[in-house]
Amino acid sequence: MIRHLTFFSLIALLMTALTIPPAQASGWTLLGEKQVSRRSETDTIHVGAREGAFRKIQFRVRGADVNFNRVIIHYQNGQTRGISMKGLVRKNNSSRQIDLPGKARVINRVSFEYRTKGPGRAQATVLLWGNAV
């Protein structure tokens with residue numbers, strides 16, 4: 001009986017470990033998400049100072065592929081940084097890590113130009129992650 005309980009406890013622990021997103025497990029914090037339209041457009045994810053200061057950001061895509069064109073990071077101090085990010089991020093995958101220059105920066109919002117791809121009516125969700133390390 002104890003052997004069965006130990007086995008099931010081990011399985012439950014393994015299932016829990018596998019459900020933690022890799023980004024979260026390595027010091028990444030979810031800053032926000034946006035369900036995006038099925039056409040070329042620009043959308044914004046609002047972050048704010050409550051989330052803290054970050055050195056890197058990364059996008060993760062769910063539901064459908066997203067073809068990113070440009071990203072604009074708006075910092076809390078009023079500065080902006082435009083980043084050319086031409087490239088397709090397939091659903092359930094991540095973009096490259098984008099390093100923020102200087103010391104850790106407080107992000108006010110992140111705007112991104114994109115076009116979604118995929119069959120049928122699948123709608124994409126873009127998740128923005130930040131890392132303070």
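# Reading a ten-strand chain

Author: Let's begin with the layout: the secondary structure of the protein chain comes to two helices and ten strands, where helices (H or I, at least four residues) and strands (E, at least two) are DSSP runs numbered from the N terminus. This is a predicted model, in which local features need pLDDT of at least 70, side-chain atom pairs count only at pLDDT 80 or more, and totals for chains, interfaces and linings use all residues. Residues are numbered from 1 along each chain as its sequence is written, and side-chain values use heavy atoms, leaving out hydrogens and water.

Reader: Which pattern does the protein chain follow along the sequence?

Author: Reading along the sequence gives α-α-β-β-β-β-β-β-β-β-β-β. As for contacts (heavy atoms within 4.5 Å), take those in the protein chain with a separation of 6 or more: 79% of them are accounted for by residues 24 or more positions apart.

Reader: How should I read burial, and what percentage of the 133 residues count as buried?

Author: Buried means under 20% relative accessible area, exposed over 50%, and partly exposed in between, with a 1.4 Å probe and protein chains only. Here 34% of the 133 residues count as buried.

Reader: Which residues have the most contacts inside the largest nonpolar core?

Author: The general idea first: in soluble globular proteins, nonpolar side chains tend to be buried together. A nonpolar core is a set of buried Ala, Val, Leu, Ile, Met, Phe, Trp, Tyr and Cys residues joined through side-chain atoms within 4.5 Å. In this model the largest one has 26 residues, and those with the most contacts inside it are Phe59, Phe68, Val71, Ile73, Ile107, Phe112 and Leu128. Two or more residues of this core come from each of β4 (56-62), β5 (65-75), β6 (80-89), β9 (105-117) and β10 (125-131). Strand β5 gives the most, with five residues.

Reader: What is Val71 in contact with, leaving aside neighbours within four places in sequence?

Author: With that exclusion, Val71 is in contact with Phe59, Arg81, Gly82, Ile83, Met85, Val110, Ser111 and Phe112.

Reader: Now the aromatic pairs: how many does a search of the whole structure find?

Author: A pair of aromatic rings is described by the distance of the centres and the angle of the planes. Rings of Phe, Tyr and Trp (its six-membered ring) pair if their centres lie within 6.5 Å; planes under 30 degrees apart count as stacked, over 60 as edge-to-face and the rest as tilted. The search finds four aromatic pairs. In one of them, Phe68 and Phe112 are tilted, at 5.9 Å centre to centre with 55° between the planes. Phe68 lies in strand β5 and Phe112 in strand β9, so this pair ties together parts that are 44 residues apart in sequence. Phe112 also forms a tilted pair with Tyr114, at 5.6 Å and 40°. Both Phe112 and Tyr114 are buried. Ring pairs link Phe59, Phe68, Phe112 and Tyr114 into a cluster.

Reader: Is Glu113 buried or partly exposed?

Author: Glu113, found in strand β9, is partly exposed, with a relative accessible area of 30%. Not counting residues up to four places away in sequence, Glu113 touches Glu41, Thr42, Asn67, Phe68, Asn69 and Arg70.

Reader: And is Thr125 buried or exposed?

Author: Thr125 lies in strand β10 and is buried, because its relative accessible area is 15%. Leaving aside neighbours within four places in sequence, Thr125 is in contact with Glu33, Lys34, Gln35, Arg60, Val61 and Arg62.
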